[in-house]
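Work through the exercises below with the structure in view, and try each task before reading its solution.

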Amino acid sequence: MRFEFPKGVAVDASSHLYVADDANHRIQKSDSNGNFRKEWGEEGSDKGEFKFPKGVAVGASGHLYVADDGNCRVQKFDTNGNFISEWGRKGSDKGEFKFPKGVAVDASGFVYVTDDENHRVQKFDTNGNFITAWGSEGSGDGQLKHPYGIGFDSAGYVYIADDGNCRVQKFDTNGNFISEWGRKGSDKGEFKFPKGVAVDASGFVYVTDDENHRVQKFDTNGNFINEWGRRD
């Protein structure tokens, strides 16, 4: 398998991996050992085509959602790459996007998308019907600056990698602010432009700290646990 700037990755219930192959404008599917299974997509704006796909997520129903960054939309597929639906276009109204980056699906099937240049998170049902949105550009509680990664814990709380503010914010699924941690820096618990966020079954939160070239681990209250990684 060959990639050009791979971005998002998701795993389905059968342990198949789906990778957003950003600059190749496609999705690649493999088994958990990296053996190629399928690919789909090419550069374009038609159904099933992509422009720099970023986030990918698999819902409990087995459907795959792709944040189609350059086309300012979300596309929905089955796990064999068959197109099901799409929603969104470039703009700032409800259901529109300015370069969506992250996508995640909660246990109830709702789809959450980080809307980069609109500095917000949007929530949809599984068919792309708009439910709610939260966030505005800024650095106050609940405000965002170029949000990127998104993840959930087992209690249903939402964690956002607030890239431009160099912090992580925690919300409930209705967008109510719970807490935040981090600031710009290189010490433990500080970030230089966090991108990815994920939560394991034990509730630990992992954040990719882009320009510090490391991963940091926290509990769900933002208390620092560990870090690893360095630049080659």
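**Exercise 1. A salt bridge and its surroundings**

Task: Determine how the side chains of aspartate 31 and arginine 37 meet, and decide whether aspartate 31 counts as buried or exposed.

Solution: The model is a predicted one, and in it the side chains of aspartate 31 and arginine 37 come together in a salt bridge, with a distance of 3.1 Å from N to O. To place the two partners, recall that buried means under 20% relative accessible area. Aspartate 31 has 13% relative accessibility and therefore counts as buried, whereas arginine 37, with a relative accessible area of 46%, is partly exposed.

**Exercise 2. A salt bridge between two strands**

Task: Find which residue forms a salt bridge with arginine 73, and state in which strands the two residues lie.

Solution: Begin with the contact itself, in which arginine 73 forms a salt bridge with glutamate 86 and the closest N and O atoms are 2.9 Å apart. Arginine 73 belongs to strand 7 (residues 73-77) and glutamate 86 to strand 8 (residues 83-87), so the pair ties together parts that are 13 residues apart in sequence. Finally, turn to accessibility: arginine 73 counts as buried at 4%, while glutamate 86 is partly exposed, its relative accessible area being 32%.

**Exercise 3. A hairpin**

Task: Describe how strand 11 and strand 12 are joined, and say which residue in the turn has a positive phi.

Solution: Strand 11 (residues 120-124) and strand 12 (residues 130-134) run antiparallel and are joined by four bridges. Across this pairing, valine 121 stands opposite tryptophan 134. The two strands form a hairpin with five residues between them, and glycine 128 in the turn has a positive phi of about 90°.

**Exercise 4. An aromatic pair**

Task: Classify the pair made by the rings of phenylalanine 124 and phenylalanine 130, and name the aromatic cluster to which these residues belong.

Solution: The count for the structure comes to 16 aromatic pairs. In the pair considered here, the ring centres of phenylalanine 124 and phenylalanine 130 are 6.1 Å apart and the planes stand at 80°, so the pair is edge-to-face, given that planes over 60 degrees apart are classed in this way. Phenylalanine 124 is buried, with a relative accessible area of 0%, but phenylalanine 130 counts as partly exposed at 28%. Both residues belong to one aromatic cluster, which is formed by Tyr65, Trp87, Phe97, Phe124 and Phe130.

Notes:
Residues are numbered from 1 along each chain as its sequence is written. This is a predicted model: local features need pLDDT of at least 70, side-chain atom pairs count only at pLDDT 80 or more; totals for chains, interfaces and linings use all residues. Side-chain values use heavy atoms; hydrogens and water are left out. Rings of Phe, Tyr and Trp (its six-membered ring) pair if their centres lie within 6.5 Å; planes under 30 degrees apart count as stacked, over 60 as edge-to-face and the rest as tilted. Buried means under 20% relative accessible area, exposed over 50%, partly exposed in between (1.4 Å probe, protein chains only). Two strands pair if DSSP finds at least two bridges between them. A salt bridge is a side-chain nitrogen of Lys or Arg within 4 Å of a carboxyl oxygen of Asp or Glu.
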